[in-house]
Amino acid sequence: MGRVTERRRVIRVRDGAVTTRPDTLVAEEPLEIRLNGRPLAITMRTPGDDFALAAGFLVSEGVLGSAADVRNIVYCAGAGDDGTNTYNVVDVQLAPGVPVPDITLERNVYTTSSCGLCGKASLDAVRTTARFPIADTPPLRVGPGLLADLPDRLRAAQRVFDRTGGLHAAALFSEDGELLDVREDVGRHNAVDKLVGRALREDLLPLDRAILLVSGRASFELAQKAVMAGIPVLAAVSAPSSLAVDLAAGAGLTLVGFLRGRNMNVYAGEHRIAFEPVARRD
C-alpha cells in the first residue's frame, strides 16, 4: 500500500541563509480503475481510501447507486511487470444484474489530479444519469453563520495538510454543522469521490441532508459529483465556474462560493439559505 507522504531532500533559503533538510511531501501515484476486469479510468491520487475513491467515481458516472450494486472491490494482483502487487490497480466487480456501461475508447479516460472527468461531462449527461433528484422533503435550511464556521472546522481536521501543505480537502457536514467525514487528496475531485464512495459503501446514499465543503474552487465536476450523490448544498472557499453555476441552477443545488470568514457568495439555490434580516437604518 502506498504511503500518504514521502520524504525528500530540499535546499531551503530563508532570509538569504541556505540550509539542507528533509521535507515532507504529499504522495502522488496513479490509480487505474477497472470495472468487471476492464480498464475504465486512470487518476492521479494520494494513496489511501482507494476502494472508496473507485466507488465514488462510479457514483459520479451513474454506474453505482447503492452498496448492493457492488459485489466486490479488490486490488489487482500481478499489476507490476515482475508480478508484484503495486496497489495501484483496483477492480470494481458489479453485483449480478447491475447494468455494465459500454466501455469504449471514448469512455476510457485519463483524469489528472486537478481536472476530474474533463471533456466527457456535460449538463445534459448529468441530468439524464442522476439517480437522486435533489429534493427538500422536509425542507433543508442552513444559516450563513453555520456555513461561515465550516471552513475552520475543515481546516482543523486536515491532518496531512499540516505536514505537507499540498492537499485538497473535502468534508461532509450535517445540516446542524456536525462534521460527518473528511478526506484529503492531491486531487480535489478525488477527495470528494472518497467521501461519496465511503457513504455508498455504508449504504448512506443519497446524502440528502448533508453539506459538502471543498477547500478549493467549485468546478463543474465537483458540482456534478454533489448532484450525483444527492447532496443539496455545495460550499467552496474559492470561486465557482460558470458551468458549475449553470448545473447547480438546473439541478436545484445550492452553490456557495468565496466562503471566507463571515463573507460568502450564493450563486444558486438561495432558498436553502436562512438569511438573517438586516436592521434598517432610518
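**View 1. Lining of the second largest cavity.** By class, 3 nonpolar, 3 polar and 2 charged residues line the second largest cavity (Ala, Val, Leu, Ile, Met, Phe, Trp, Tyr, Cys and Pro count as nonpolar, Asp, Glu, Lys and Arg as charged, and the others, Gly among them, as polar). The model is predicted: local features need pLDDT of at least 70 and side-chain atom pairs pLDDT 80 or more, whereas totals for chains, interfaces and linings use all residues. Residues are numbered from 1 along each chain as its sequence is written, and side-chain values use heavy atoms, without hydrogens and water. The lining consists of His168, Ala169, Arg188, Val214, Ser215, Gly216, Arg217 and Leu222. A cavity is a set of points on a 1 Å grid over the protein atoms alone where a 1.4 Å probe fits but cannot get out; lining residues have an atom within 4 Å of a point. The space in this second largest cavity is about 30 Å³, counted as that filled by probe spheres set on the points.

**View 2. Packing of helix 5 and helix 6.** Helix 5 (residues 188–201) and helix 6 (residues 220–228) pack with axes 10 Å apart, at an angle of about 5 degrees. The two helices are therefore roughly parallel (angles under 35 degrees). Arg188, His189, Val192 and Asp193 of helix 5 meet Glu221, Leu222 and Lys225 of helix 6, contact meaning heavy atoms within 4.5 Å.

**View 3. Strand 11 beside strand 12.** Strand 11 (residues 233–236) and strand 12 (residues 254–260) run parallel, joined by 3 bridges; pairing requires at least two DSSP bridges. Ala235 stands opposite Val256 of strand 12.

How values were computed: 1 Å grid on protein atoms, 1.4 Å probe; cavity = no way out; pocket = protein on both sides within 12 Å on 5 of 7 lines; lining within 4 Å. Axes fitted to C-alpha atoms, helices over the stretch in contact; angles between N-to-C directions. Helix = DSSP H or I, 4+ residues; strand = E, 2+ residues; numbered from the N terminus. Parallel < 35°, antiparallel > 145°, perpendicular 65-115°, else oblique.
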